[in-house]
Every structure is written in structure tokens, then in C-alpha cells.
Amino acid sequence: MAEQSLYNRIAELRAARNLSQQQLADAIGVSRKTISTVETSRFTPSVQIALQLARYFAVPVEQIFSLEPFSAMPATQ
């Protein structure tokens, strides 16, 4: 089975809160490079990182990550 892309809204959520990659990385305890590679879909995050991001942004993990492209909807509800 071919590997599927994992789409995410991390950059969108960061921008809505005026956060840099470094600020987000510091907040959840990972490197800036980790945030960068996850945002650009070059790295699939662990479940732990995905859950930390969901907790930080106070949204379900499904509002951050998806196997399907996200439609044009607001980042936060």
C-alpha cells in the first residue's frame, strides 16, 4: 500500500495566534525543525506530538491533521 500524505493546519493555527515556529516548538517541547518538517508534510509526527499540538491549540486532533486536504474553512471555531 502506498504511503498517504498527512495534511495539517499547523501553519494556519500558528498564524492565527501570531506564533513563530520556535515559539510553538518551545511551548510543546520539540525543536523548531520538527515543527517546520511537520508543517511541510516532510515528517509525520508521532501520536504524542499530534496530541500535544491538539492540547496546545485546544482543538481535536482531527482539526489539525487529516488524510484529506482541508477545505477553506476558518482555522478555529
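Start by selecting R14 and E39: both are buried (buried means under 20% relative accessible area, exposed over 50%, partly exposed in between, with a 1.4 Å probe and protein chains only). Before going further, note that this is a predicted model, where local features need pLDDT of at least 70, side-chain atom pairs count only at pLDDT 80 or more, and totals for chains, interfaces and linings use all residues. Residues are numbered from 1 along each chain as its sequence is written, and side-chain values use heavy atoms, leaving out hydrogens and water.

Now show the side chains of that pair: R14 and E39 form a salt bridge at 2.4 Å, N to O (a side-chain nitrogen of Lys or Arg within 4 Å of a carboxyl oxygen of Asp or Glu). The pair ties together distant parts of the chain, with R14 in helix α1 (residues 10–16) and E39 in helix α3 (residues 32–39), 25 residues apart. Helices (H or I, at least four residues) and strands (E, at least two) are DSSP runs, numbered from the N terminus.

How many salt bridges does a search of the whole structure find? Two. For another one, select E12 and R9, whose side chains meet at 3.2 Å, N to O. Here R9 is buried at 4% relative accessible area, while E12 is partly exposed at 35%.

Next, the greasy part. Select I10, I35, L53, F57 and I64: they have the most contacts inside the largest nonpolar core, which has 17 residues (such a core is a set of buried Ala, Val, Leu, Ile, Met, Phe, Trp, Tyr and Cys residues joined through side-chain atoms within 4.5 Å). Helices α1, α2 (21–28), α3 and α4 (47–57) each put in at least two residues, and α4 gives the most, with five.

Zoom in on L53. Skipping neighbours within four places in sequence, L53 is in contact (heavy atoms within 4.5 Å) with I10, L24, I28, I35, I64 and F65.

Then colour α4 by burial. Its buried residues are I49, A50, L53, A54 and F57. Look down the axis of α4: these residues fall within an arc of 140 degrees, so they line one face of the helix (the arc is that of the directions from the helix axis to the C-beta atoms). Among what covers them are α1, α2, α3 and β2 (65–66).
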